[in-house]
Structure formats: C-alpha cells, structure tokens
Amino acid sequence: MRRAGCLLLALAMAALLGGCAPEEHAETIFAMDTVMTLQAWGPEAEDALVRAAQRINELDRTLSVVNEDSDVWAVNHSGGPVTVSEDTGALVALGLELWEETGGALNIAMYPVVRAWGFTTGEYRVVPEEERAALLARTDLGQLDYDPDSRTVTTPAGMELDLGSLGKGYAADQVTELLREAGVTSAILNLGGNVQTLGGQTDGSPWRIGVQDPQDLSAYLAVVEVTDGAVVTSGGYQRYFEEDGQVYWHIMDPSTGAPADSGLLSATIVGPSGARCDGLSTAAFVLGVEGTADLWRAAGDFEFLLVDEDGTIWISAGLEDRSALAAGYEDRRVEVVRP
Ligand code: AMP
Ligand code: MG
C-alpha cells in the first residue's frame, strides 16, 4: 500500500516536471550556403521542424542565384518578363521598397558586381574602377518592373538579381509562421547570422541573443533580449578574401561597386520581421553610423547595434534597456544614439 503510494507520487511528480519543462526538439540543416539550427519546444515541435526544414530547402532552391531551376536564375537569364513564385515576388517587392527607403544602399541587382569580385564563384579578384563603373550601369533598379498582380518581373538587358541579402530573414519569417500555426509557442532559429525567435523561452523570459565580436569570432561582445523577433547581423567577417594584406568582403557599396567602406565591422538589426531586418542589416553595413541612425529615426520600427573599426559599439536608444555588454567587454566604449 505504502509502496504503491510512493510510486503514484513519483509518477505524479514526473508528470508535473514533464509539464513544467516541455521537450526540446532540434533540426540542423545546411542551406543557403550556411549551417542552420532550428530549436523548438513542446509536443507539436517535432513534426513541425521537419516541415520547417523542407520549407527552407524549397526556398533555397527558388531563391538561389546559382541553381539553374530557380526563379532568380530564370529572371537573370530571361531578357523578358518572367512570372515568379509568391516567395520570389514578395522578396522582389521588399527589395524595391528597401532600395527606396535606404537611398539605394540595399540593391538586389548587385549580382554582376558581387560575381565580378568572385563571391559565389570563388574566383576572387580586385575589380578595377573602369570595370566597376560598367557593372554598376546594370544595377539601376529604377528600370526593373514588378507587377504584383501577375507576379511578373521584367528586367532590362544586363540586369541580374541577387536576393542573398534578404533570403535568410525571409526564410526565418516563413518558418516562424509555420511553427506558430502548428501550435508551437517557443522556438529559436539560427540561420547563419540571422537569429529569429518565436515567443520567449519556455519559462516565459525573453531570449538572450549574443552578438558576435567581429574582431574575435570566438566571443560575444553583447547580449540583446528579444521575444518574438529577429536579431540579424551583417558583417565583413562572414565572407571575405584577402589580397596584398587588404581584406575585401561580400557586401558591396552600390555607389562604388567595391566592398562597403563605411567604417563598420558589423551591423546588427533588431525588429519584428526577419526579412526586413535582414535587408536593413545589409544596408546599415553600407551606410555606417550616421546613415543608419537617420534610417532608424525615419522608420521607428527597428533598433540597431553597430560595431565600428575602433571597436566602439553604437546602439539605438531602444536597446539601452534590452542589451548588455558581455562578460569581458565591460570596459568597451558604447555610444547611445538618440532620436
Ligand atoms: P547579408 O549577409 O544579408 O548582409 O547579405 C549579403 C549578400 O547580399 C552578399 O553576399 C551579396 O550576395 C548580396 N549583396 C552584397 N552587397 C549588397 C547590397 N549593397 N545590397 C543588396 N545585396 C547585396
Ligand atoms: Mg541582409
């Protein structure tokens, strides 16, 4: 009798503990040229994560600039109107919107320039100025026509799109939505520099996202708190080559056709939408501190954390209470940018 009572008690406690700590599920995949980890909690998570991984692979195929079956490939090799998927259409529309908003710093037609420098092909080289000028003539997004009703993209001769600045953020939005619809209430996705969270941690507290130190990739220099949102970092350290002691990275300044030279080593954007944060982080890396601050004042729907080449950290005022320097970085100079 007594023994049975103990057993019942033990079972009840196990059930209670089980109820307190939902089971963790995880998937790791390689897509969009990076390692991605998806973690979600609760009984709905296991199946949903399998579908999430499938969805990311599908997006990778559709958006890839090097896959001959992709929408982007079709547009880049068309010389005429091309009807694209809903996903591609959404990203072309967002790209055009951000091109306007960022004064051209985000430009989804930079592919001829990106390729000339050797990114995506691996044949790295420093592109001389005359060649850059000729390539930039092919990047005037004012000449791209997108009809959202028929989802038709019409590009002028020589224009080639590259949605790499938006794709991971968009994938994170899509996966978050898929998980939410499946009933998942707590998840965190890390899609190579793009972190996105669904809800908070299982105990209800916000997620604490580390921001990588661009000068020491083994360390985090700050932590940002976020619930239901994206933390997206663009940095020169993520993809680059070196020649004659000089570093050339993958984010191009559309006004020069050369790697962005704004004085930043990394740009982190925090906000509700992964795709928008992704585009804005690429643009911020091009724009530098002043340009990003202007963008932030005008938009009012995101926050930023920028690391410049002196190591100074620039944060927008909205992050003051939601971020902290990591252990070992307490002495780092921080400048708060105000409205
Ligand atoms: P991200 O990692 O999101 O900052 O995006 C960088 C990628 O976007 C690069 O690898 C290029 O494929 C592409 N890219 C480079 N410069 C630009 C730019 N100024 N605007 C839009 N896309 C760019
Ligand atoms: Mg981006």
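## Close-up views of a predicted model

View 1. Glu101 is partly exposed, with a relative accessible area of 29%; here buried means under 20% relative accessible area, exposed over 50%, and partly exposed in between (1.4 Å probe, protein chains only). Before going further, please note that this is a predicted model, in which local features need pLDDT of at least 70, side-chain atom pairs count only at pLDDT 80 or more, and totals for chains, interfaces and linings use all residues. Residues are numbered from 1 along each chain as its sequence is written, chains are lettered from A and ligands numbered from 1 in the order in which they are written, and side-chain values use heavy atoms, leaving out hydrogens and water. Arg276 belongs to helix H8 and Glu101 to helix H4 (residues 86-101), so their pairing ties together parts that are 175 residues apart in sequence. Helices (H or I, at least four residues) and strands (E, at least two) are DSSP runs, numbered from the N terminus.

**View 2. Glu160 with two arginines.** Glu160 is buried, with a relative accessible area of 9%. Which residues pair with Glu160 here? One is Arg115, whose side chain meets that of Glu160 in a salt bridge (2.6 Å, N to O). Arg115 sits in helix H5 (residues 111-116) and Glu160 in the loop between strand E5 (152-154) and H7, so this pair ties together parts that are 45 residues apart in sequence. The other is Arg138, with its closest N and O atoms 2.8 Å from those of Glu160 in a salt bridge. Arg138 lies in the loop between helix H6 (129-136) and strand E4 (145-147), while Glu160 is in the loop between E5 and H7, so the pair ties together parts that are 22 residues apart in sequence. Arg138 is partly exposed, at 28% relative accessible area. Elsewhere, salt bridges that share partners join Arg55, Glu58 and Asp87 into one network. The structure holds 14 salt bridges.

**View 3. The magnesium site.** Ser165 (O), Asp278 (O), Asp278 (OD) and Thr282 (OG1) coordinate the magnesium ion (ligand 2) at 2.0 to 2.4 Å. Donors are N, O and S atoms within 2.8 Å of the metal (3.2 Å for Na, K and Ca), and water is not among the atoms, so sites may look incomplete. Along the chain, the donors of this ion follow the spacing S-x112-D-x3-T. Asp278 and Thr282 share helix H8 (residues 274-299), where they are four residues apart, about one turn of the helix. Both Asp278 and Thr282 are buried.

**View 4. Lys168, a buried lysine.** Lys168 lies in helix H7 (residues 167-181). Lys168 is buried yet has no salt bridge, and the nearest side chain of opposite charge, Asp278, is 6.2 Å away; Lys and Arg count as positive and Asp and Glu as negative, while His and the chain ends are not counted. Beyond residues up to four places away in sequence, Lys168 touches Met32, Thr34, Met36, Leu191, Gly192, Asn194 and Asp278, a contact being heavy atoms within 4.5 Å.

**View 5. The nonpolar cores.** A nonpolar core is a set of buried Ala, Val, Leu, Ile, Met, Phe, Trp, Tyr and Cys residues joined through side-chain atoms within 4.5 Å. The largest one has 85 residues, of which Trp117, Leu144, Leu161 and Leu179 touch the most other members. H8 supplies the largest share of this core, eleven residues. Apart from it lies another core, of 20 residues, among them Leu221, Ala222, Val270 and Ile315. Leaving out residues up to four places away in sequence, Leu161 has contacts including Val65, Val72, Ile108, Tyr111 and Leu144.

**View 6. Gly263 in its loop.** Gly263 is found in the loop between strand E14 (258-259) and strand E15 (264-271). Gly263 is buried, with a relative accessible area of 16%. Not counting residues up to four places away in sequence, Gly263 touches Asp308 and Glu309.

How values were computed
Salt bridge = Lys/Arg side-chain N within 4 Å of Asp/Glu carboxyl O.
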